[in-house]
Structure formats: C-alpha cells, structure tokens
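Dear colleague,

I am passing on a structure that you have not worked with before, and below it you will find some notes on what turned up in it. Please read them alongside the model itself.

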Amino acid sequence: MKKKLCAALLAVAMLSSLTVGANASKADIAPVEASLDIGVVAADYPEVGSELEPESALPSAYSSREFATPVRSQKFNTCWAYASTATLEIGAAKAGIFDEHLSTMHMNYWATTREDGTGWQREYYAAGYPYIAMGYLTSGSGAVKESDFPAEKSLEDYKEYGSALAPFVGVNSLVYLKANDIETVKTAVYNYGAAVGNFHYVYNFFNADNSAYYCDEEGLATSQLKGHAISIVGWDDDYSRENFNEEHRPENNGAWLCKNSWGPSWSLDGGYFWISYEDKYLFEKRFGPSYSLIGIEQYDKSKKLYQNEIYGSNYDFDCLSEALKDSRDKLTYVNVFDFSKLYNELDKVIFESTAAGSAYDVYYIPLDESGAPVTDESQWQLLGSGTIDYEGYTCIDFDNVTVPEGKAGIGVSVRKTDVSSDMYIGVSEWMTVSGGRYIFKPNAKRGDCYIIGPSAAPLSSRRSLTYASLWATSTLTES
C-alpha cells in the first residue's frame with residue numbers, strides 16, 4: 001500500500017552562543033486554580049505582524065459567536081491555552097471541520113519541563129508564554145479532544161497516557177497580526193473565525209453592567225502588566241463609548257467582542273465581553289504576537305510526523321552580520337531526517353518566518369560521507385518555490401513529490417527579492433528572563449540542523465551549530 005509523506009518543514013535553529021533578550025518578568029503565581037489570572041507573561045518580545053486587506057468591504061458589525069463552543073472556566077493560569085483552543089474551535093466549526101471542545105489541559109501539561117530538563121521551564125499551574133500554543137498546534141503535538149483528556153485530569157495522567165494520545169486536529173499555517181490595525185484584525189476574524197489577543201486586565205476598568213472593558217492607564221512598566229489572553233470573535237463599530245465606565249471612557253465608539261475563559265457567569269453576556277478599540281494594552285507587543293489560525297487540519301491514524309524539535313518558533317534568526325546583508329541574497333536552513341520506505345511521498349512543508357515579501361525555495365538535499373548535507377547545489381533537488389506572503393507559519397503543499405528512503409536533508413532557502421526584503425527564519429532559541437533564569441531549553445542535538453550560506457567564509461561553506469536544530473515536521477498520509 002502506497003503512503004504519502006506530508007513533510008511540513010518548520011525551520012527552527014537554536015544557538016548555544018546566543019540568548020534571546022526576552023527579559024520576561026517572572027509572575028508569582030500560587031499553585032491553585034484561579035478565576036482571575038496573570039496568565040500571559042509580559043516580556044520584551046519583538047514586534048511582529050502583517051497587515052491584512054479584506055477582499056471586499058467589511059460590515060460594521062460581525063460575530064463568529066454562533067460557531068463557538070460553550071464558555072469554560074479555566075484551571076490555573078492557562079488563559080493562553082483556553083484562548084488558542086477557543087480560536088481553533090471557532091475556526092474549525094466555521095470551516096465545517098468539527099464543532100466540539102478541545103483539551104486545554106493537554107496543551108498545558110505538554111508545556112511543562114520534560115524529564116530531561118528541556119522544553120518550557122514552567123510548572124503546570126504557572127503563567128504561560130505566547131509561543132507555547134503555536135508550537136503545540138503546528139508540531140503535531142495536539143490538539144486532542146476534551147473527551148479524550150478532560151480538564152480534571154492531572155499532570156500524572158498526562159505522563160501516564162496523555163502524552164501518547166494521537167492528535168485530533170492541528171494547524172499547518174498561521175498569521176501574526178499587525179498590532180492595533182483594526183482592519184487587519186477584522187479581516188482575520190471575518191475570514192478565519194477568531195483571533196488570539198492579549199491585554200492588561202484590572203477589574204477597575206471593567207463595567208460589569210455592560211460587560212465592557214477599557215483601560216486608559218498609560219505608561220505601565222513591563223513588570224506591572226497583568227496579561228490575559230482572549231479569543232476575539234467579532235466587532236461592532238457602533239458599540240457606544242457610553243457603555244464603558246464613566247471614569248474610563250474611550251474617545252470614540254467601537255469595540256471587539258471577546259470570548260473569555262472565566263466561566264459563563266463571569267459576565268452578564270454569558271462569559272463574553274466587549275473591549276474598546278482604543279484600549280491601551282490590547283495587542284501590546286510585550287504580550288507577544290496576536291495571531292489567527294489559517295490552516296486547520298484534522299489528523300488521521302495514517303499520518304506520521306518527522307521532527308527534530310517540537311516547540312515551535314520563539315525567535316527569528318538570520319545568521320548575517322550587517323556587513324554581509326547587502327552582499328548576500330540567500331540563506332539555507334536544513335534539517336536531517338531518516339525517511340521510512342512507507343512514508344516518502346512529500347505532501348507539506350511548513351516553516352516560520354517574519355520575512356514577508358521575501359522568496360523561498362524548498363530543497364531535498366542528499367548527505368555526504370560524514371552525514372552532513374552536501375553544499376554543492378547542483379546535487380540539490382528543488383521541490384517548490386514561492387513568496388512568503390505574511391509573517392507567521394507558512395505551509396507549502398506538494399503533489400507527486402517522492403524522496404528516497406533513508407537519511408537526507410530538507411532545506412528551506414529564504415531569498416531576497418529586493419534590497420529591502422529579509423532572510424529571517426523561525427528558530428527555537430534558548431530563552432531567559434531577567435536574572436538569567438531559563439524559561440525555555442530546546443532538546444535538539446548537534447547534527448540535526450545545518451545552515452548553508454553566508455558567513456565569514458564563502459557561500460559554499462557549511463557550518464553546523466552546536467546543539468542547533470532546524471526542525472521540520474513531516475506528515476504522512478495514506479493514499
């Protein structure tokens with residue numbers, strides 16, 4: 001029986017010599033369930049996001065609420081997990097894929113420190129980081145159904161059997177949204193059902209009578225921010241400014257409709273609420289990317305995934321000195337895999353990049369006698385090319401592309417299209433908070449990943465990074 005290999009290559013490199021300047025403020029969270037949480041750790045994250053333009057004029061009001069599952073009451077400080085699963089559920093229902101609850105605790109426990117000390121350096125009850133859900137959903141780690149792993153399950157249950165559960169649904173592409181661009185967020189919600197957003201929550205700015213929130217307090221330091229994640233499911237340009245607290249009113253009408261995770265009785269609108277377009281901290285970059293899920297894919301048992309790293313991208317890397325950026329026009333990142341005889345028909349390649357507007361090429365690259373990718377490009381097989389249309393996770397689909405059985409590299413080359421385009425690609429980087437404490441440690445090994453391209457040496461030189469990895473996900477489907 002012929003089987004199809006769907007190689008979704010998500011490129012991720014880790015540098016042992018480089019620590020990303022996250023400088024996240026540590027959240028002091030008690031190990032108890034919380035109805036109000038500091039759920040998203042604020043930090044000095046880079047500003048990312050693409051501008052989306054609607055295909056036609058958008059309505060003055062819209063809601064995807066009809067596609068939403070019932071509002072849930074979150075456990076622990078896991079709003080980031082509830083917001084991302086709610087967004088996925090709405091997108092899947094809107095696309096006609098499924099309409100049931102997904103497990104948030106499975107994602108939460110997945111994002112705890114592994115037995116070998118790698119992964120996210122957090123306890124299950126602690127606040128989370130914005131990149132967790134994106135890595136979980138794009139790496140084939142999840143999501144699983146709520147019925148297969150209910151919220152009452154424990155970390156011990158996850159270790160005993162939950163980590164072995166096959167994913168029910170995942171994501172093969174997502175877009176980072178340009179912050180505070182109303183038309184962009186509207187377009188994302190209208191096209192994909194919902195968007196994950198973050199804001200600073202303090203009860204004094206909430207009008208419980210109207211389920212309306214607007215914070216007008218400016219100049220807060222990162223350590224003062226109390227991050228909370230929600231799923232944005234609609235908008236109303238005419239939502240009256242009079243609905244907000246008299247002491248804290250925006251200048252103009254207009255608000256986002258949001259699905260919360262503090263239970264249906266938290267607000268008079270069944271757990272939903274409105275947040276003003278003018279809120280000072282909604283889409284704040286210190287909470288990390290806001291995003292929508294573009295490619296939702298339901299898995300089946302015939303699928304198999306190859307990957308060197310599962311945690312997704314938390315940093316964008318170009319490996320170029322300023323002196324070389326004008327003289328080089330291509331950089332290639334390679335992951336090495338051992339392809340099975342039954343799973344060698346390429347179906348998908350996924351990679352993360354913020355180099356919107358740049359071009360990409362995907363290659364099959366054979367290995368030399370040492371087991372490293374060959375640098376002679378005449379031996380590379382071009383699998384596909386295109387343009388990076390947006391900042392986020394890009395998915396490339398293939399038809400009738402077969403790779404040989406055995407070890408080989410799958411490479412993504414990011415190419416300049418003009419002097420202003422970039423060559424960034426997503427990496428899974430060692431991350432620290434203030435004081436040098438690690439919040440993330442990758443588990444890739446030397447030899448998993450290579451960079452071929454510009455450095456101090458000629459283009460044909462090869463450099464293997466210590467404990468560095470580009471990670472690729474190869475999904476295999478039966479045909």
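Buried here means under 20% relative accessible area, exposed means over 50%, and partly exposed lies in between, with a 1.4 Å probe and protein chains only. This is a predicted model, in which local features need pLDDT of at least 70, side-chain atom pairs count only at pLDDT 80 or more, and totals for chains, interfaces and linings use all residues. Residues are numbered from 1 along each chain as its sequence is written, and side-chain values use heavy atoms, with hydrogens and water left out.

In a regular strand the side chains alternate between the two faces of the sheet. Strand 24 (residues 449–452) is covered on both faces, with C449 and I451 buried on one side and Y450 and I452 buried on the other; strands are DSSP runs of E with at least two residues, and helices are runs of H or I with at least four, numbered from the N terminus. Strand 24 pairs with strand 15 (residues 330–339) in the antiparallel sense over four bridges, where pairing requires that DSSP finds at least two bridges between two strands. Within this pairing, T332 has I452 as its bridge partner.

Elsewhere, T69 lies in the loop between strand 3 (61–63) and helix 1 (79–94), and T69 counts as buried because its relative accessibility is 9%. The side chains of T69 and H101 are joined by a polar contact of 3.2 Å, that is, a pair of N or O atoms within 3.5 Å, where within protein one must be able to donate a hydrogen and the other to accept it, and residues adjacent in sequence count only if both atoms are side-chain atoms.

With kind regards
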